Amino acid sequence: MGEKEKSFANPPLQGKKMAYHKVGADQRAQYLDSDDLQATSLELEWDMEKELEEPGFDHFRLDGTIHQQVGITQNTDPDLDLEPIQPSASPKGRFQRLQEDPDYVSHYTRPPPKSNRYSFCWIFKLFCTALSLFILGVLIGYYGHVRCPPSPPPPPKPSDPHLSQEILKEIQAKDVAQIYRDLIQLRGKEDRDIAMKLLAQWTSYGLEDVQLVNYSVLLDLPGASPNTVTLNSTGECFYPNGQLCSKETKKLHSQDLLYSYAAYSAKGTLTAEVFDVQYGTAEDLLRIQKTANVSRKIALLKLGRLPLLYKLSLLEEAGFGGALLYADPCDLPKTQNLSEKAFMVSLNGGGDPSTPGYPSIDGSYKQNRSNLTSLLVQPICAALARKLFPSSEKAGGNEDCEPLELLATERRTVTLRVQTQPTYKTMSNVIAYLKGATIPDRYVIVGSHHSTLGAYSRQQWAHGTAVMTAFIQALMRKVKKGWIPDRTIIFCSWGETVFGKIGSYEWAEDLKEVLLRNAVAYVSLHDPVRGKAVLHTIASPCLQQLSTEVRKRHNFTCLGQDKCAESNVSSVQMQGDSDYFINHLGVPALQFSYQDSTALETASFLSEALFPLHSTISNELVSSFSLHESIAKLTGEVILQIANNPVLPFNALDIALEVQKSFRDEHLNLDRLLTIANALRDSAQLFQSDEMRPANDPKERAPTRVRMLNDVLQSLERNFLVPQAPPGFYRNILYRLDERTHQFSVLLEAVEHCKLHQSNETLQAALSKVLSSLNSAQVSFKAGLDVFQAALLGSK
């Protein structure tokens, strides 16, 4: 038997179980004495009969009327017959109010009142109550308005065009200068000490999610004594900077000598003849191989023109056993005298060598890969190269520049001794998250580095870190007022960059799947102030239009000149930690930097050498910091636009145009590639059109369309990643080798390789890679067009 059935079967409990439980028998007993109960019941019965006849009574019935009627038929008590009726939804039941104030019933239930006096009193009380409430409300509103401060205006929308200017105005040269001076006080400290300093500083600005991310990685550190080169004909022993290996050698720059080495080189001693291979190109190697056997010989190799890792791979393939590296004085910037200085290079393409392709986290298998080449490699200064190998001046040479070249008839034998100490060390990245408000699962990554060589007393790292920290400081002032960007901004300071971009590689490998899905762009602040004359911009093709527009909106200051020298935006291989994001994730990247005008005129890839300079830029640059302020504002505006624009500011058509410009080699049959490139341009042009971009219209900014469009734009560059590339070359074929080349770099390398091996297999493989990339991009564009066409048809 259910609960309701039990209530009907047990009349004594009915008063508690009925639907109108607000007023039970016990409650009524509180208000009526037993002597008056019967009389009151009779009066109520009369009243109820009158009310049951009222036409509007049905409005007061509650659900469950059927059960209530059943209860009535089973009960004959006149008092309990009144229970099923509840003509009011007031917090107090009708009968409870009736028992508290009998006059209420006569007024409410009978249209003609019993007494005019009662009616007048009731109306008067009601009027007084209403008047009192009105006066009280007016007073509360008046004093509340006077005493309470006005509510603050709502925070500006992230896409507000004036917002960027407000944030950028907060960036001042004096702030960057103060941050820079605080950082260089840490010179000589360990990288972890600098990382802890940055963590505390960024946290003090208001960033709530700042992390210190550590990895145990394999570093190839210098040995207890400098490496040496001994000229066998005279027995003279030299250090890499040209000093004699005598006991009287001064130890003023002993640490610099220790760090004049090639990290991850093979170790040991090699005595062999030296052959001048110049820049190590295919033509240079063919010339040497035609006249001599180069097996286990030592190559005299110039830096520049091609990636060092690629040139060493060619030497290793040819059979050389060692290499002496130097920078030709004709290639070095004229503003600095570097011919007497040795340098350091890293032979690590990227990441922890002991965990190739996967992060160096706890439990990871560590491979024994302290040597990344079979060659014994040693950097030397240009002055030592002249001592060891008398040179002859090339035709057209002058007093200022005498290119070094070893005479073909001259043979010199040297003994090369290379010793390093592979050591596992804990390195630290500083990662700070500013979570987005509406699209937090899309990341704009901003990167600099705090990786130093303490013995070199290098201060170059502090320039990029100071610029990024100044931007964080200005940004967080706006965040404290309630503003938040739409997309998440991640600020990164990388560790151990000089040993092969280890910090950025390990973090990106650790979060690879997340970054493949969420990373939108990488903005680099790697050594942003290297000179004072040229504002040099490197950008992914889809970001070239944005970078050009931002440059035009800012007035730049170039020291010593009235106007900055013009420098076009280009897509070339760049320095720093952007490598993994460009080549493994296919993320668009951008970097602004100031350089000397001669830097762009010299051979490319000289930046691979790290010179032990105690002051890398002039005091004039450091004292003003106007260039740093310009870089901070340029970079800051790009970051804010990518983070806040509803539609990502990526230009798909520029990618297709860049592809077309890359087919300029008349010696190759590129008809098939040109056909696909033209189709790609047409698809990109349609995709970029107003018809297919309704999200750009504020009136039609449907969130689903915006998300669809951004997903296509975000993944465009990923189509241009080839599976493999030669050492030192980008896997992303949209980036050229340098400013002087316009062709796809993988095709240029394939042509060079064909010259060495007299075979076109490598070229055919490279053409297939490029063809596959273009076809993949065309499919991606077409899929995006199909989706948008379906969305447009569905909306009609």
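**Figure 1. Overall composition of the predicted protein chain.** The protein chain of this predicted model contains 27 helices and 17 strands; helices (H or I, at least four residues) and strands (E, at least two) are DSSP runs, numbered from the N terminus. Of its 796 residues, 53% are buried, where buried means under 20% relative accessible area, exposed over 50% and partly exposed in between (1.4 Å probe, protein chains only). Contact denotes heavy atoms within 4.5 Å; among contacts between residues at least 6 apart in sequence, 82% join residues at least 24 apart. The accessible surface amounts to about 37,000 Å², with 53% of that area belonging to carbon and sulfur atoms. Accessible areas come from the Shrake-Rupley method with a 1.4 Å probe, and for residues only the protein chains shown count as cover. Residues are numbered from 1 along each chain as its sequence is written, and side-chain values use heavy atoms, with hydrogens and water left out. As the model is predicted, local features need pLDDT of at least 70 and side-chain atom pairs count only at pLDDT 80 or more, whereas totals for chains, interfaces and linings use all residues.

Figure 2. The strands follow the order β1-β11-β13-β12-β14-β17-β15-β16, with mixed pairing; two strands pair if DSSP finds at least two bridges between them. At the edges lie β1 (209-222) and β16 (569-570), each of which pairs on one side only. Helix α11 (residues 191-204) packs on this sheet, where it touches β1, β11 (420-434) and β13 (487-494). The direction of α11 makes about 165 degrees with that of β1; axes are lines fitted to C-alpha atoms, for helices over the stretch in contact, and angles run from 0 to 180 degrees between N-to-C directions.

Figure 3. The bridge partner of I538 in β16 is S570. I538 counts as buried because its relative accessibility is 5%. Leaving out residues up to four places away in sequence, I538 touches S570, V572, M574, A589, L590 and Q591. The C-alpha atom of I538 is separated by 8.6 Å from that of S593, 55 residues apart along the chain.

Figure 4. Four bridges connect β2 with the antiparallel strand β10 (residues 412-418), where R417 is the bridge partner of T228. Three bridges connect β2 with β3 (residues 236-238), also in antiparallel fashion, and F238 in β3 is the bridge partner of V229. The hairpin of β2 and β3 has four residues between the strands, and G235 in the turn has a positive phi of about 80 degrees.

**Figure 5. Helix α26 and the residue that follows.** Helix α26 (residues 745-757) has 13 residues and reaches 19 Å from its first C-alpha to its last, close to the 18 Å expected at 1.5 Å a residue. The expected span is 1.5 Å times one less than the number of residues. Its buried residues are S745, V746, L747, E749, A750, H753, C754 and L756. Just after α26, Q758 adopts a positive phi of about 55 degrees.

**Figure 6. D175 in helix α10.** D175 is located in helix α10 (residues 173-184). D175 counts as buried because its relative accessibility is 18%. Apart from neighbours within four places in sequence, D175 is in contact with E170, Q473 and R477.
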